[in-house]
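Hi everyone, thanks for coming.

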Amino acid sequence: MSDNDTQSDRGRETAPAQSSAVVPTEYLFPFILVTSLFALWGFANDITNPLVRAFKEIFLISNAQSSLVQWAFYGGYATMAIPAALVIRKVSYKSGIIIGLLLYAVGALLTIPASMMMDFNIFLVGFYVLTFGLAFLETTANPYILSMGPRETATQRLNLAQAFNPIGSLTGMVVASTFILPSLQVAEFRSAEIAAHPEYATMLPSEVDGLITTSMEEHAVTEPEARQAMVAHDLDVVKTPYVVIAIIVLAVLALFVVTKLPDTGQEEEEIHLLGLLKNLLTNWQYVGGVIAQTFYVGAQIMCWTFVIHYGMTLVGLSASQAQNYNILAMGIFLASRFICTFILKFLDPGLLLGILAVGGGALTAGAIFIQGMTGLYCLIGVSACMSLMFPTIYGIALNGLTPNDAKLGSAGLIFAIVGGAFMPRYQGSLIDGEGMTIAGQALESVRVSFFLPLFCFLVIAVFGFSVALLRRRDTPVSAA
C-alpha cells in the first residue's frame, strides 16, 4: 500500500548503505516468492520446445505445421500482454499473479481432452490459454521485481531473479529428455527402422531422416489401428507432465492467496492510455528495447527448438540424445546468467549486451558453416551468449519509467515475445525447403534456416552498442 511506498522512500533517503542493496531487507521475502514464478514459466517454455519435433512424428505433419506449437504458445503472450498490463494497472501486482497462475493451470489441464481426442488443435488451444497465464505472470513479475528496491540496482535485481528462470527451463528439458521423448513409441519405431536397415549407417543423417518419415507414413496407411494405438500412447505420455505442473501451479496459487505482499505501485487514477503510449513511443530506448526483445526471443526459441532437428538431421542423433544437448545448452545458459549478472557490476549493460550479441552471431555462423559435432557445439555455445539478453534488454527499456508507466511498458516487452511465435514458423518453412550452396559449400536446409537467428543477433548488437555509446555521451552532462 501507499504506506509501504512511503516507508521505502524514507528508508532510501536515510540509509545510504541500504540504497545500494540489490534487494533491500524489507523486500527479501516477497522477492524470493515472486522469483519462484520465473522458474515456473521457464518450465512451461522448455518442456514445450521439444514437442515441435515430437508432434511432427506423432501427427505426421510438416515442420512448418508442427511449429504451430510455438505459434500458439508465444502467440498467447502477444494476445494477452497488453490486456494484462491494463488489468494490473487497476489492481495489485498480487492480483495479477493470481490471475496468471489460474490461467496457467487451466491451459495445462486442457492437455487432458486434447490427448483423449487425439486432436493437435486442442493442444494448440491449451498452449494458447496457458500462455495467457504466462503473459500475466511476466507482465506482473518483471516490473514488480524492478520496483522492489532502488532504481540504480534495478537491472541487477531483475537479472538475479531471471537467473532462476533457467532452473525451471532446465527442469522442463530434463523431464522432456528422460520422460517424454524416450517413452514415445514413434521413437521406438525410428530405432527399429534404423536397426532393420544397416545401409542407413553409410548414408547422410538428413537422408535417413527422410526415409524414416516415409516409412512412418506408409505404416499409417497399411496398419491404421496400430498407428492409432501408437498415437494414443504417445499423447498420453505428453499429457502427464502438464497435469503434474497444473497441480503444482494451483498449490503456488494458494500460497500467494494467503501471503501478504507489499504494493509498490498500484494505480488508482483513470488510465490515459493515449498519453501513456505517447510517452513510451517517444522514448527511443524503450522502442529500441521492444524491437531488440522481439528479435532476441525469436533467436532464443529458434536455437532451442531446432537444436533437436539439427542433431537428428545433421548429426544422426535420436530425439532424446539431441534433447540432452539442449540440456547441456541450458546448463551453460544458467551458469552464464550468474556470471554475467556479476560482470554487470563492472560493465555497462548495453556494452555487455552488444558484446554477447556479436558472440552469439559468430557461434550461429559456426553452426551454419561447420560440419558435424563441432557445428552442434557452436549451436550449444550460443546459449552462453543469450543468457543475459532478456532481462538486460528489459531493464534498459524500462529504465527511468515510473512504476505505473512501467506496467504498460512491461506489456510491450512481453508482447515482443511474439517473436517466438513468428520466427520459428519461418524457420520451419526453411527446413521444409531446399538447401543452398554458398561459396562452394553445400548447406542443408536445416543449416540455411539458422541464418534467421544470425540476423536477430545482429539487430541486438546494434541496440546494445547504441545504448552504450549514447550513455557514454550523456554521462558528462549527468555528472555536471
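Let me start with residue classes: Ala, Val, Leu, Ile, Met, Phe, Trp, Tyr, Cys and Pro count as nonpolar, Asp, Glu, Lys and Arg as charged, and the others, Gly among them, as polar. Two words on the ground rules. This is a predicted model, where local features need pLDDT of at least 70 and side-chain atom pairs count only at pLDDT 80 or more, while totals for chains, interfaces and linings use all residues. Residues are numbered from 1 along each chain as its sequence is written, and side-chain values use heavy atoms, with hydrogens and water left out.

Now the domains. The assignment, which is automatic or from a database, gives domain 1 (22–261) and domain 2 (273–475). Their C-alpha centres lie 19 Å apart. The contact (heavy atoms within 4.5 Å) takes 54 residues from domain 1 and 59 residues from domain 2. Between them the two domains bury about 4,900 Å², 70% of it on carbon and sulfur atoms; buried area here is the accessible area, with a 1.4 Å probe, that two parts lose on being put together, summed over both. On the domain 1 side, Arg89, Asn159 and Met173 lose the most area to domain 2, together 13% of what that side buries.

How many salt bridges cross that interface? The rule asks for a side-chain nitrogen of Lys or Arg within 4 Å of a carboxyl oxygen of Asp or Glu, and across the interface of domain 1 and domain 2 it finds zero. The whole structure has six salt bridges. One of them joins aspartate 209 to arginine 53, with the closest N and O atoms 2.5 Å apart. Aspartate 209 sits in helix α13 and arginine 53 in helix α4, so to speak distant parts of the chain, 156 residues apart. Helices, by the way, are DSSP runs (H or I, at least four residues), numbered from the N terminus.

We work on a 1 Å grid over the protein atoms alone: a cavity is a set of points where a 1.4 Å probe fits but cannot get out, and a pocket is an open set with protein on both sides within 12 Å along at least five of seven lines. Lining residues have an atom within 4 Å of a point. Grid points are joined across faces, edges and corners, and a volume is the space filled by probe spheres set on the points.

There are two cavities of 30 Å³ or more. The largest has a volume of about 210 Å³ and 20 lining residues, with Trp41, Asn45, Asn165, Gln300 and Phe390 nearest its centre. Where does this largest cavity lie? Both domain 1 and domain 2 give residues to its lining, so it lies between them. Helix α16 provides the largest share of that lining, five residues. By class, the lining divides into 12 nonpolar, five polar and three charged residues.

The second largest cavity holds about 40 Å³ of space. Its lining includes Cys303, Trp304 and Asn326, and the largest share, three residues, comes from α20. Here the classes are six nonpolar, two polar and no charged residues.

Last, an open site: the second largest pocket, with a volume of about 420 Å³. Of its 25 lining residues, Arg190, Ile194, Gly316, Leu317 and Ser318 lie nearest the centre. Helix α12 gives the largest share, six residues, and each domain contributes at least three. The second largest pocket's lining has 16 nonpolar, four polar and five charged residues.

Conventions. Helix = DSSP H or I, 4+ residues; strand = E, 2+ residues; numbered from the N terminus.
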